[in-house]
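Have a look at the picture before you read on.

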Amino acid sequence: MKKMKARTKWLLPILALLLILAGCQSVAGLDVNKALLGDLDVKSSESSTTLSVNAVPAAGISAEDQKMVDLINSFSLNISHVKLQDNGNISASGVVGYKQLSIPFTFFMDTTAVVFTAKGAKQPFYYPLEGYEESLGLKGLDQNKATELSKLLTQFVVKNLPNPGAISVSSVNESVYGEQLSLTKLHTEITGEEMPALVKSFLKSISKDTEGFTAFIGSLYDYLYPLLEANGIGANELSDLGLGDIPLGDKEGVVTVAHDAAKLAVDALLLVYDKQLDNLYSSTPELKTVLSKDTKLNVDLFVDNGFHIRKQNIDLNVALPASEDLPLQSISLKLGTQTWNVNGPVTADRISTDGALNMSSTELTPGQTLRSFEQGSDIYSLLKNDMGITSKSLVIAPDDDYYYPIVEGGTTYVPLRYLAEDLDAAVEWDGANRAIKVTDDVYGDQLVFKIGSDKVQINGAAVKLPQPVFVDEYGDAYVPLRLLAEALHAKVKTDEDGYIYIDRP
C-alpha cells in the first residue's frame, strides 16, 4: 500500500469528471439545466450529509494490506446538521467514524474566522480570515465578484454538459428531514466506457458556445483587472499570455483575444483528441480498467418545483487495475444529502474564539497537539495511536555530514541541539550557568547539560556521563547520542555497518 498515493494520482481528474458529467439537457419535460443550477439562488438552508467508503481487496493480498483495507472501510462521515445563514455564515456538526472510534465535531465560519472543535478538545481551534489579503500579499480581492464568477462558470459548464446514455425522470414521494414531499427524481448512470465520448462532446459544445465562453471570460476580467491594478501588475508583465499590445483597460479587446486563444486551444485539443487518447491507453494500460464498464456512477437527484435539489444519492464505484502496489479490486464512495428550510430563517451556530488556539500564529509540535486534547478521548487515541503523530525515525550514517557523529571510548556523541530538535524537544541556552535545558515535547521530561560537566540532570536526578559535555570548533555542544535519545523516549539500534537507527513511537 506504500506506493498507492503515487500510483493513483492520475485517477483524480477522471474521478472529478465522473462526478461532474451528470447530464444537462431536457429529459421527459424536466429542464435539467434548471435542476442543476437551481441551488445557485439559495441564500439560506439546512442540510445533512453522509459519506462512506468501501474498498474491495484484490485476491490473495497480504495480511498487512488487508489491515489497511479494513481501516479504509471503517471510515465514515456523518454531518448531521449544516446551517447556511443568508449572510454567508455557516456552521456544521457531525461525527467522524474510524475503526471503533467515534469523534463528534463542530465547525463555524464567518467573514472573520474559521473555528472548529471536537469532543475531547480542551479548547476550540481557529484560523482568522481577516487580513488574509495582506498575508497573501494581495490587495483588492472582491468576494462578491468571486461568487458571481463561480456562478457564471457553473452555468457555463452545466449548459454544455452532454447527456449520458442512461438518464430518466420520474415523479416520486420522498421523505426529507421527516417531511413527505412530492419531488421529481432525476436518475443518471454513467460508466467508465462512456467517459471519453462524453468529454469530447463537452469540448465540442464549449467550442461552439461563443456567447457563454465570452460571458465567462468577461466576468473573469471584471474580477481580475481591479486585482491586477491594485497590486501594480502592468500590461508588460502579462504579454506572455498572448495579449500583445492590447491595453489591459480595453475590456472588449482583452476578452476577444482571450476567448479566441481559449477556443483555439480547445479546437486544437479536439483535432488530436482520439490520437492522444489512444496514446494514453498505450502508455497507461491501467486506464483501460478504470475507464471500463465496471466503473460506474449512479446519481439520483430529487428536485422540488422551485428547481432546488432537496435530496441526492451518489454512488461511485471505480474499478482498479491489478497491481502489487495497489492491492484493491475497486473502491466505492456513497454520498447522501438532504436539504430543508430552503431560503428560510436560518441562524448558524457560532463558536466563540475566546480561549481558542490561533492556528495562524502557532506551529504546533506533536506534543503540543496531543496536549490540546483530553488524554482519554477518542481523538487523542486517533492522533497518537492510529495517526502516529509523535512517531519519529532518524538514521545517522557513520560519516553523516549533518550530525557529524564522534566516537570516543565506544560511545557515540552528536550535537545536542540537532538531535533534540529533530525529536521535537525544546532547547534553551542558560548563558549564566553555561547550561542547556532540553524539554521533551511529548512527555515533558527535562534534561539539563552543563558545558564541561560530566553529569546531566534528568528530571532533577543526576546521571553521570562517560565524559564532560564538550564543544567543537563550530560551537556545537556534544553529548552521548544514546543517553539523549532514550531520555527523549526513543529507541536506538546500530547495524553491522555502523548505521544508527533512532525510532520514537
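The paragraphs below turn to a pair of helices and then to some aromatic rings.

Keep in mind that this is a predicted model. Start with helix 7 (residues 195-208) and helix 9 (residues 251-283), which pack with their axes 9 Å apart and at an angle of about 170 degrees. Because angles over 145 degrees count as roughly antiparallel, helix 7 is described as roughly antiparallel to helix 9. Where do the two helices touch? On helix 7, the residues in contact include Pro-196, Val-199 and Leu-203, and on helix 9 they include Val-266, Leu-270 and Tyr-273. Sorted by class, this contact between helix 7 and helix 9 has 10 nonpolar, five charged and one polar residues.

Now for the rings. A pair of aromatic rings is described by the distance of the centres and the angle of the planes. This structure holds nine aromatic pairs. In one of them, Phe-156 and Phe-213 sit 5.2 Å centre to centre with 35 degrees between the planes, a tilted pair.

Since Phe-216 lies in helix 8 and Phe-156 in helix 6, the pair ties together parts 60 residues apart in sequence. Both Phe-156 and Phe-216 are buried.

Elsewhere, ring pairs link Phe-116, Phe-125 and Phe-373 into a cluster. Finally, find Lys-311, which lies over the face of Phe-302 at 6.0 Å from the ring centre.

Definitions and conventions: Residues numbered from 1 in each chain as written. Predicted model: local features only at pLDDT ≥ 70, side-chain atom pairs only at ≥ 80, totals over all residues. Heavy atoms only, no water. Axes fitted to C-alpha atoms, helices over the stretch in contact; angles between N-to-C directions. Helix = DSSP H or I, 4+ residues; strand = E, 2+ residues; numbered from the N terminus. Parallel < 35°, antiparallel > 145°, perpendicular 65-115°, else oblique. Contact = heavy atoms within 4.5 Å. Nonpolar A, V, L, I, M, F, W, Y, C, P; charged D, E, K, R; others polar. Phe/Tyr/Trp six-rings, centres within 6.5 Å; stacked < 30°, edge-to-face > 60°. Buried < 20%, exposed > 50% of the residue type's maximum accessible area, 1.4 Å probe, protein only. Lys NZ or Arg CZ within 6 Å of the ring centre and 35° of its normal.
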